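Hello,

Here is the structure I promised to pass on to you. Please have a look at it first, and then read my notes below.

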Amino acid sequence: MPRRGKSAPPRKNRRNVRRTVREARTEAPAPKRRRSAPRVDWSRWGGRLRRLGKPVAIAGLLAVVTYGGVLAHRFVVESPHFHVKRVDVSPTVRVTADQVRRLAGIHPKTNIFTVDLARVARRVKRHPWIAHAKAHRRLPDGIRIEVREHQAAGAVLFESNRGAGDAFYLVNREGRAFKRAALPELEGLPLVTGIQRSDYQARGRMTRQRIQAALALAERYVSRSGRPPLGEIHVDPVEGLTLYTARRAVQVRLGRGGVKAKLRRLDRILRILAQRGQRPRAIRLDNERHPRRVTVRLAEADVGSGT
């Protein structure tokens with residue numbers, strides 16, 4: 001018996017529906033596919049990046065170093081840790097350490113790295129007694145000033161043509177004048193006279209050689225005990241060297257050259273005169289033609305006698 005209810009569609013209709021569905025699926029457009037991105041050749045870009053990476057890295061490193069240097073410089077310059085707190089001076093005789101510090105002109109709280117060491121040395125050398133000066137940094141907060149003073153070998157009377165400008169100046173072993181002498185500074189120094197100020201200024205080298213010869217004579221004269229105290233040495237461009245004793249101002253004319261032999265001859269003459277009880281007024285040892293001939297003028301008589 002047939003079932004009650006809604007009747008099923010005929011088979012022919014079902015076949016038509018399936019065919020229509022299949023045709024619809026066939027005729028429907030296919031979905032669009034997404035276009036794939038182009039492939040990147042990373043090996044090629046990797047080479048480029050490697051070539052650019054080194055300069056970029058170096059530039060970055062330089063930037064970091066530069067910035068760090070700026071920060072370090074700012075710290076060093078502004079930090080109170082590097083402020084000058086002490087100025088040490090090497091041992092001196094004529095100049096005090098306080099005088100050297102005042103001449104250096106280094107103010108408190110000055111940064112140690114901003115101190116011009118060459119300028120400090122030039123300032124210190126302005127003192128007439130200072131022959132050489134050099135400044136050093138002593139981290140973190142000190143300055144050391146090394147000082148070498150002049151050694152006075154004698155005093156030279158620089159004479160002027162008018163006579164009003166005559167003055168003694170201290171000289172070193174090289175015959176260079178470095179300071180006008182005060183009266184207490186002349187004590188114990190050989191005095192050299194006969195030097196014209198104009199000669200020293202115009203013919204400095206020749207004049208210094210004459211001063212050196214006079215100082216060498218003074219050093220040799222005082223090296224032997226028993227001789228009369230030395231008063232002064234007179235320099236004459238023609239007659240040479242003449243020394244005067246401090247007591248009784250005995251004149252001893254030595255002339256040029258042969259100082260050692262002439263001083264030995266002088267010792268013999270003084271010994272002979274002392275044995276005779278005679279006092280010389282002048283002794284001449286400058287006979288170039290007859291070096292062994294000595295002329296003595298006694299204090300009691302005005303007549304010279306050969307010895």
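Strand β9 (residues 240-245) runs antiparallel to β10, and the two are paired over four bridges. One of the contacts to look for is Thr 242, whose bridge partner in β10 is Arg 253. Together β9 and β10 make a hairpin with five residues between them. In that turn, Arg 248 has a positive phi of about 65 degrees. Please keep in mind throughout that this is a predicted model.

On to the next partner of β10. Strand β11 (residues 280-284) pairs with β10 in the parallel sense, over three bridges. Here Gln 251 has Ala 282 in β11 as its bridge partner. To get from β10 to β11 the chain passes through helix α7 (residues 259-276), and this β-α-β crossover is left-handed.

How buried is strand β10 (residues 251-255)? Five of its five residues are buried, so the strand is largely enclosed by the rest of the structure. Both faces are covered. On one side you will find Gln 251, Arg 253 and Gly 255, and on the other Val 252 and Leu 254, all of them buried.

Pro 237 lies in it, between β8 (230-236) and β9. With a relative accessible area of 45%, Pro 237 is partly exposed, because that value falls between the 20% and 50% cut-offs. Leaving aside residues up to four places away in sequence, Pro 237 touches Arg 210 and Arg 256. The C-alpha atom of Pro 237 is also separated by 9.3 Å from that of Ile 195, a residue 42 places away along the chain.

Now for the charged side chains. Side chains of opposite charge can pair when their charged atoms come close. The count of salt bridges in this model comes to eleven, and here are some of them.

Arg 203 and Asp 199 meet through their side chains at 2.4 Å, N to O. Asp 199 is buried, at 17% relative accessible area, whereas Arg 203 is partly exposed, at 43%.

Asp 286 forms a salt bridge with Arg 284, and their closest N and O atoms are 3.1 Å apart. Asp 286 counts as buried at 18% relative accessibility, while Arg 284 counts as partly exposed at 37%.

The side chains of Asp 88 and Arg 86 form a salt bridge too, at 3.5 Å from N to O. Both ends are partly exposed: Asp 88 has a relative accessible area of 28%, and Arg 86 has 35%.

Finally, a word on confidence. The chain has an average pLDDT of 84, and 73% of the residues score at least 70. Over residues 302-307, however, the pLDDT is below 50. This stretch has ten contacts in the model beyond near neighbours in sequence. Where pLDDT is low, the predicted coordinates should not be read in detail.

Happy exploring, and best wishes

Technical notes: Residues are numbered from 1 along each chain as its sequence is written. This is a predicted model: local features need pLDDT of at least 70, side-chain atom pairs count only at pLDDT 80 or more; totals for chains, interfaces and linings use all residues. Side-chain values use heavy atoms; hydrogens and water are left out. Buried means under 20% relative accessible area, exposed over 50%, partly exposed in between (1.4 Å probe, protein chains only). Two strands pair if DSSP finds at least two bridges between them. A crossover is right-handed if, with the strands pointing away from the viewer, the path from the first strand over the helix to the second runs clockwise. A salt bridge is a side-chain nitrogen of Lys or Arg within 4 Å of a carboxyl oxygen of Asp or Glu. pLDDT is the predictor's confidence in each residue, from 0 to 100. Contact means heavy atoms within 4.5 Å.
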